[in-house]
Amino acid sequence: MAYSDFKLKELVKQFDLTLNENQDLFGGTPEVEPSETLKFWLIENSALATDINTEKARSELIIAPILLEVRRQLNYQIGLFSGSEFNVAPEKGLNGTCDFLLTGGKKERVKFTFRYILLFICAFLPYRIKSC
């Protein structure tokens, strides 16, 4: 089963997870000013991504530049993987290709063994960007 096929309700049950929606994980994190390059890129391309209105366009024109900015602002101390196969536990359905992975460490080799994942993004849901 692909990661994007999972539903939250199924995940909670299958992996005996507990949801805590009352905790603000990033509340203490200071805001960071985006670079002029990122601002320009998003202004330049968000309309195009909205017009194309596909997951691929949003991924390439909006999400990837933001993740590259995060990596740059963290002084390249994290790894960024795109389109990597990430088969954690195929017997439990945890297998497939991830849109993006942010990892601890700088290496970007596809055959890299992940020590830990900082952020796991398997699918950018087709939200209507125009409504934001």
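Visitor: Is Arg72 buried, partly exposed or exposed?

Guide: Buried means under 20% relative accessible area, exposed means over 50%, and partly exposed is in between, with a 1.4 Å probe and protein chains only. Arg72 has a relative accessible area of 36%, so Arg72 is partly exposed. Please keep in mind that this is a predicted model, in which local features need pLDDT of at least 70 and side-chain atom pairs count only at pLDDT 80 or more, while totals for chains, interfaces and linings use all residues. Residues are numbered from 1 along each chain as its sequence is written, and side-chain values use heavy atoms, with hydrogens and water left out.

Visitor: Which residue does Arg72 meet in a salt bridge?

Guide: A salt bridge is a side-chain nitrogen of Lys or Arg within 4 Å of a carboxyl oxygen of Asp or Glu. Here the partner of Arg72 is Glu69, at 3.1 Å from N to O. Both residues belong to helix H3, where they stand three residues apart, about one turn of the helix. Helices (H or I, at least four residues) and strands (E, at least two) are DSSP runs, numbered from the N terminus. Glu69, with 10% relative accessibility, counts as buried.

Visitor: How many salt bridges does a search of the whole structure find?

Guide: The search finds four. One of them joins Glu60 to Lys56, whose closest N and O atoms are 2.3 Å apart, and this pair also lies in helix H3, four residues apart, about one turn of the helix. Glu60 is partly exposed at 44%, whereas Lys56 is exposed at 56%. In helix H2 (residues 36-52), Lys39 and Glu36 lie three residues apart, and their side chains meet at 3.3 Å, N to O. Glu33, Glu36 and Lys39 are linked in a network of salt bridges.

Visitor: Which residues make up the largest nonpolar core?

Guide: In soluble globular proteins, nonpolar side chains tend to be buried together. A nonpolar core is a set of buried Ala, Val, Leu, Ile, Met, Phe, Trp, Tyr and Cys residues joined through side-chain atoms within 4.5 Å. The largest one here has eleven residues, namely Ala49, Ala57, Leu61, Ile62, Ile63, Ala64, Leu67, Ile78, Leu80, Phe100 and Leu102. At least two residues come from each of H3, S1 and strand S2 (97-104), and H3 gives the most, with six.

Visitor: Where should I look for nonpolar residues on the surface?

Guide: Patches are made of residues with over 30% relative accessible area and no salt bridge; like charges are joined within 9 Å, and nonpolar side chains (Val, Leu, Ile, Met, Phe, Trp, Tyr) within 5 Å. Look at Ile66, Val70 and Leu74, which form such a nonpolar patch, with about 210 Å² of accessible area together, by the Shrake-Rupley method with a 1.4 Å probe, where for residues only the protein chains shown count as cover. Leu74 sits in the loop between helix H3 (55-73) and strand S1 (78-85), and is partly exposed at 45%.

Visitor: What is Leu38 in contact with, leaving aside its neighbours within four places in sequence?

Guide: Contact means heavy atoms within 4.5 Å. With those neighbours left aside, Leu38 touches Pro65, Ile66 and Glu69. Leu38 and Ile66 are 28 residues apart in sequence, yet their C-alpha atoms are 7.1 Å apart in space. Leu38 lies in helix H2 and is buried, at 9%.
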